[in-house]
Amino acid sequence: MAPGVLIAAELRDLLDPGPVPGASVTWLPTDSATPAGGFVAIVPLLSRRIGPAELAGMPRLRIVANCAVGVDNVDLAACAERGVVVTNTPDVLTDATADLTLALLLAAARRLKEGQDLVHSGEWTGWDPRQLLGLELRGAVLGIVGAGRIGQAVARRARAFGMRLCYTAHSPKPTLELETGALFLPLDDLLARSDVVTLHVPSGPETRRLINARALARMRKGAILINTARGDVVDEAALVTALVSGQLAAVGLDVFAREPRVPDALLEHPRAVLLPHLGSATVRTRRAMANLAVRNVRALLSGEPLLTPVVAP
Ligand code: NAP
């Protein structure tokens with residue numbers, strides 16, 4: 001009998017034809033619960049939780065090929081315990097996500113949302129030298145929290161705008177420092193020195209609510225916070241308080257703690273630039289992510305090495 005493979009239905013149009021030859025593919029829409037059954041592989045979106053209950057319902061499962069670089073929706077320990085392989089989609093989304101980070105950074109620093117709202121309101125009365133003055137990027141300090149693939153791609157782009165860079169990570173990145181002049185700092189020092197802080201750490205027990213009320217209070221008054229990592233890296237309630245009080249001048253957010261829910265205070269705030277988790281949303285990147293996820297399934301089923309393992313066999 002052909003092995004059963006579950007693939008997120010939303011990936012269908014992005015995949016090359018015949019994604020898993022010899023398998024029986026079931027297309028799984030986001031709003032459907034994860035079915036129980038004899039499936040050997042699942043290719044979920046990041047919004048689908050794969051934990052002990054889902055794993056128990058699929059006793060023949062061999063691989064969770066997550067269609068995202070972050071794997072915070074997957075219980076890695078439970079997978080490892082059951083001998084289920086986990087893969088992700090690193091690298092192919094780095095440039096798209098770094099581009100979007102710069103888009104948010106520019107939008108927040110140069111007040112694009114307020115400018116656009118003013119034009120659309122019909123109340124713009126003409127050029128005014130005092131109108132919507134923002135932060136000039138040249139010479140401003142960008143603090144990069146998490147200098148991995150995306151954080152480093154953001155660093156290179158920010159250098160081209162003349163920003164001065166500091167970063168934090170588990171370990172220093174000498175090549176990044178040579179290339180961009182970035183300074184390795186403990187998180188508290190980075191927060192205190194940066195005009196703009198941008199988040200690129202994965203979500204996990206170590207980083208959940210890393211940016212809490214205490215961290216936000218360490219930031220420069222009137223600084224800008226950009227988050228294209230995961231919503232739960234920030235304490236969202238504390239973020240709202242910091243923005244409303246003026247401790248933060250502006251925020252640029254692509255991710256939220258309870259997507260698709262967004263706090264009203266953010267929706268209403270003129271200096272909150274908010275996007276619906278678009279980091280990797282280019283045609284080329286989304287195709288590359290979908291096909292990389294499925295190539296991991298094909299590799300596992302044909303006994304070849306996995307392309308991008310997170311939890312190996
Ligand atoms: P990565 O290459 O693994 O980089 C993660 C970086 O975070 C590494 O430099 C790591 O340090 C650092 N780090 C981890 N824990 C830390 C901590 N507690 N304190 C300080 N630094 C820490 O991952 P990536 O490919 O750049 O992706 C980063 C995240 O972006 C993903 O996990 C995902 O959640 C998010 N993402 C979002 C979108 C979107 O659509 N908005 C798209 C793609 C990715 P070391 O290198 O020293 O270990």
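Biologist: How many disulfides does the count come to?
Modeller: The count comes to 0 disulfides, a disulfide being a pair of cysteine sulfur atoms within 2.5 Å. This is a predicted model, where local features need pLDDT of at least 70 and side-chain atom pairs count only at pLDDT 80 or more, while totals for chains, interfaces and linings use all residues. Residues are numbered from 1 along each chain as its sequence is written, and side-chain values use heavy atoms, with hydrogens and water left out.

Biologist: Is Cys79 buried or exposed?
Modeller: Buried, because its relative accessibility is 0%. Buried means under 20% relative accessible area, exposed means over 50%, and partly exposed is in between, using a 1.4 Å probe and protein chains only. Cys166 is buried too, at 3%.

Biologist: What does Leu55 touch?
Modeller: Leu55 touches Cys79, along with Ile50, Leu61, Ala78, Arg82 and Val84. That leaves out residues up to four places away in sequence, and contact means heavy atoms within 4.5 Å.

Biologist: And where is Leu55 found?
Modeller: In helix H1, residues 52-57. Helices (H or I, at least four residues) and strands (E, at least two) are DSSP runs, numbered from the N terminus. Leu55 counts as buried because its relative accessible area is 1%.

Biologist: Next, Asn73. Where is its place?
Modeller: Asn73 sits in the loop between strand E4 (63-65) and helix H2 (76-82). Its relative accessible area is 6%, so Asn73 is buried.

Biologist: Which backbone oxygen lies 3.4 Å from a polar atom of its side chain?
Modeller: That of Leu45. Beyond four places in sequence, Asn73 is in contact with Leu45, Leu46, Arg48, Arg49, Ile50 and Asn66.

Biologist: Let's switch to Thr198. Which strand is it in?
Modeller: Strand E9, residues 196-199. Thr198 is buried because its relative accessibility is 0%.

Biologist: Which side chain does it make a polar contact with?
Modeller: The side chain of His200, at 2.8 Å. A polar contact is a pair of N or O atoms within 3.5 Å; within protein, one must be able to donate a hydrogen and the other to accept it, and residues adjacent in sequence count only if both atoms are side-chain atoms.

Biologist: What else is Thr198 in contact with?
Modeller: Setting aside neighbours within four places in sequence, its contacts include Thr101, Leu142, Ile144, Val154 and Ile226.

Biologist: Now helix H9. Which of its residues are buried?
Modeller: H9 covers residues 236-245, and Glu236, Ala238, Leu239, Val240, Ala242 and Leu243 are buried. They pack against H8, strand E10 (223-227), strand E11 (248-253), helix H10 (264-268) and strand E12 (272-274).

Biologist: What caps the N-terminal end of H9?
Modeller: Asp235 does, with a side-chain oxygen 3.2 Å from the backbone nitrogen of Ala237. After H9 comes Gly246, whose phi is positive, near 90 degrees.

Biologist: And H8, what's there?
Modeller: H8 spans residues 213-218 and holds Ala215. Ala215 is buried because its relative accessibility is 1%. Leaving aside neighbours within four places in sequence, Ala215 is in contact with Leu191 and Leu210.

Biologist: Which peptide bond is cis?
Modeller: The one from Glu259 to Pro260, with omega near 5 degrees. Pro260 is in the loop between E11 and H10.

Biologist: Last topic. Which residues lie nearest the centre of the second largest pocket?
Modeller: Asp232, Phe256, Ala257, Arg258 and Glu259, out of 19 lining residues. On a 1 Å grid over the protein atoms alone, a pocket is an open set of points where a 1.4 Å probe fits, with protein on both sides within 12 Å along at least five of seven lines; lining residues have an atom within 4 Å of a point.

Biologist: What classes make up the lining?
Modeller: The lining has 9 charged, 6 nonpolar and 4 polar residues. Asp, Glu, Lys and Arg count as charged; Ala, Val, Leu, Ile, Met, Phe, Trp, Tyr, Cys and Pro as nonpolar; the others, Gly among them, as polar.
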